[in-house]
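This briefing concerns a predicted model.

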Amino acid sequence: MRIPGLTTLTLASGSLLERPFRTVLTMLGIVIGVAAVFAMLSIGEGSRQKILENIDSVEARTISIFPNWNNGRASARRAWRPFTEQDVLDIQAIPGVEAATGDLSQEYSIVSETSDWRANVIGADPQYLAANDLQMQRGRPITQTEIERRETVAVIGTSVVRSLFRGQDPMGERIKIQNIPFEIIGIVDETEGTNWRGQDQNNFVLVPRPTGRARLFGDDRLVRNQVRSIRIVGATQEDLARIEREVDFIMRRSRGLTADEAPDFRIFNFSANRQAVAETQRTLSLLLATMGAVSLIVGGVGVMNIMLVSVTERTREIGLRMAIGARGSDILSQFLTEALLLSIISGLLGLGLGYAVSQVSLGTDEIEMVFSPNIAILSFGSALLVGVVFGFLPAQRASQLNPIEALRHE
Amino acid sequence: MAADQAGVPVREDKPVSALLIETRNLVKTYGRGSSVIKALDDVTLTIDRGEFVAVIGASGSGKSTLMNMLGGLDKPDGGDIAIAGQSLARMSKRALAYFRNETIGFVFQQFQLLPKKSALTNVRLPMQYRRPRLDDENERARQSLERVGLGDRVHHKPTQLSGGQQQRVAIARALVGEPELLLADEPTGALDSKTSTSVMELLVQLNRQGITIVLITHDKEVADYADRVITMRDGKIVEDVRQGVLA
């Protein structure tokens, strides 16, 4: 049983294999082109999904403010100034703010009856959970009363549960921090992954902030009512810009700065940051698209060039084939198949290269890539298109050779 | 297909008449205006099945043009040409390709073998363009190689063969499709005299098996192997002589 087209395929692959080095060189342009197109589409899809998935998340509605440490002009005059509990309260009062919390934390060794474990001890206020998009898994959160009375209660993250209690029920148990006993009143539900520093996000102990300030955080720079930074969550994303302006106003007033003075604090808008990242990704996509297009065209011209050389080199062979009965269409399909085969192999190699490169770049947080069959098909299709478009002219030229002249060709 | 007693295949689908080639007032010109060259000037010719004809003439006499016409590689500007009952002058390119594949076997001066392919692959090549494809291509190619005495060189590449052997492979390739007509264009032009003799003897032998051969040459000695010698000059047939078969 004969498979239609098999002869043509055998013929084309045979002729490519006869000149392996040339074949590989010819394929290079298309390989790079397809890889670039593949990467471009994956990054484009990544940035699109990133924007989509974050549009309503707490993170997309979050603003953080930090003091300038030593790189602002204002802070050059003074040491860095922390924010105060009053700043937190003032910010909480801004209309449209869903939650705001101050940050005061330090890593300590946490000691249970049977073992010990290092975790981040965080001084929490009533809005801490809301501002960090956390839910209780068991027990209850720290109350306003407990905060005011500086009670020694603790709410712990799941990593602490796992590491310190190993299957035992931690509720109501006591842990010691700096030799001070705290009673566990609740467990926070697990959140996925690590934070931007790469730390385990579930490895923390929440204590009332005044308790922590009075009995644990012995940092003399952080007296009485101070916090290191403030995290603010707006009710809607549209409000963020206005909230940001109001935060700026309140902080300037609180720190005695005029409107045109350089601030000694910085405001981070996560959403703006995200959008900047997405913007970077779009730029990167565009760059890759350009590179991909240029590479594909150059690769295509390479294919055309090599096919023209091949047609010239094999003029006598073409003449002979025609003399013994090959029709123009037979010759056309022979050379077109050769160009297509080049493109198909290059396309597959390009997909492989694109995937390999993306695996490397996935290690960086800045670039997000999303793969889909459509992207692979599209990138691969671009290689085929290049093969057909640039392979056609040489193939057509071959098919229109005059057999008499072709046979005489030296 | 059946075979007659001499082992020569006979096509059953066509009436077998003695007449194989008939040209009438064939004209072919090249160039334009004052520099027009009449490569063929009113050539009328008939060749019967089983003949061994040599067309002889100096270069530019029109013998190559005549061969291209007979082989369906070129079309006349005037007149008509019929081979095995098929009129070629108005055939489409596609039909001509099919005609060449079915009816003609070409042997060229420069052998025109694919250098990186085995003798078998080279001989099989015309089968690739046969419609419909045949199932016993390899077997036919092998038999064809045996017919020219190269049954033991099936897997050799042209570079591993002598000039004479290469031309035999080319002859096997011409025979594999069981053509009506073997067209040989200076088949010994690239060979030394001893090898030439053996190639010519092979052609004579094939002719005795019933194959019609038209041989184009400028060499009188080569032409002497044929039964009939047609001499051309300036696009015209100037002499057409039947001669006794050489012993």
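In chain B, four strands form an open sheet in the order S4-S3-S6-S7, with antiparallel pairing. Strand S4 (37–48) and strand S7 (86–87) of chain B each have a single partner strand and stand at the edges, so one side of each is left without a neighbour in the sheet.

- B:Arg24 has B:Asp80, in S6(B), as its bridge partner.

- Strand S5 (residues 52–56) of chain B is largely enclosed by the rest of the structure, because five of its five residues are buried.
- B:Phe52, B:Ala54 and B:Ile56 point one way from S5(B), whereas B:Val53 and B:Val55 point the other way; all are buried.
- S5(B) pairs with strand S10 (residues 212–217) of chain B in the parallel sense, over five bridges.
- S5(B) also runs parallel to strand S11 (residues 228–233) of chain B, to which four bridges join it.
- B:Ala54 has a bridge partner in each of these strands: B:Leu215 in S10(B) and B:Val229 in S11(B).

**Chain B as a whole**

- The secondary structure of chain B consists of seven helices and twelve strands.
- Of the 247 residues in chain B, 45% are buried.
- When contacts in chain B between residues at least 6 apart in sequence are considered, 67% join residues at least 24 apart.

**Chain A as a whole**

- Chain A contains 14 helices and 13 strands.
- Buried residues account for 39% of the 410 residues of chain A.
- Among contacts in chain A with a separation of 6 or more, 83% are between residues 24 or more positions apart.

**The contact between chains A and B**

- Chain A contributes 17 residues to the contact and chain B contributes 19 residues.
- On the side of chain A that touches chain B, two or more residues each come from helix H1 (6–18), helix H11 (315–323), helix H12 (328–361) and helix H14 (403–408) of chain A.
- H11(A) provides the largest share of that side of chain A, namely five residues.
- By residue class, the side of chain A that touches chain B comprises eight nonpolar, three polar and six charged residues.

Technical notes:
Residues are numbered from 1 along each chain as its sequence is written. Chains are lettered from A and ligands numbered from 1 in the order in which they are written. This is a predicted model: local features need pLDDT of at least 70, side-chain atom pairs count only at pLDDT 80 or more; totals for chains, interfaces and linings use all residues. A residue is buried if 20 or more other C-beta atoms lie within 10 Å of its own, exposed if 12 or fewer, and partly exposed in between; C-beta atoms are placed from the backbone. Two residues are in contact if their C-beta atoms, placed from the backbone, lie within 7 Å. Ala, Val, Leu, Ile, Met, Phe, Trp, Tyr, Cys and Pro count as nonpolar, Asp, Glu, Lys and Arg as charged, and the others, Gly among them, as polar. Two strands pair if DSSP finds at least two bridges between them.
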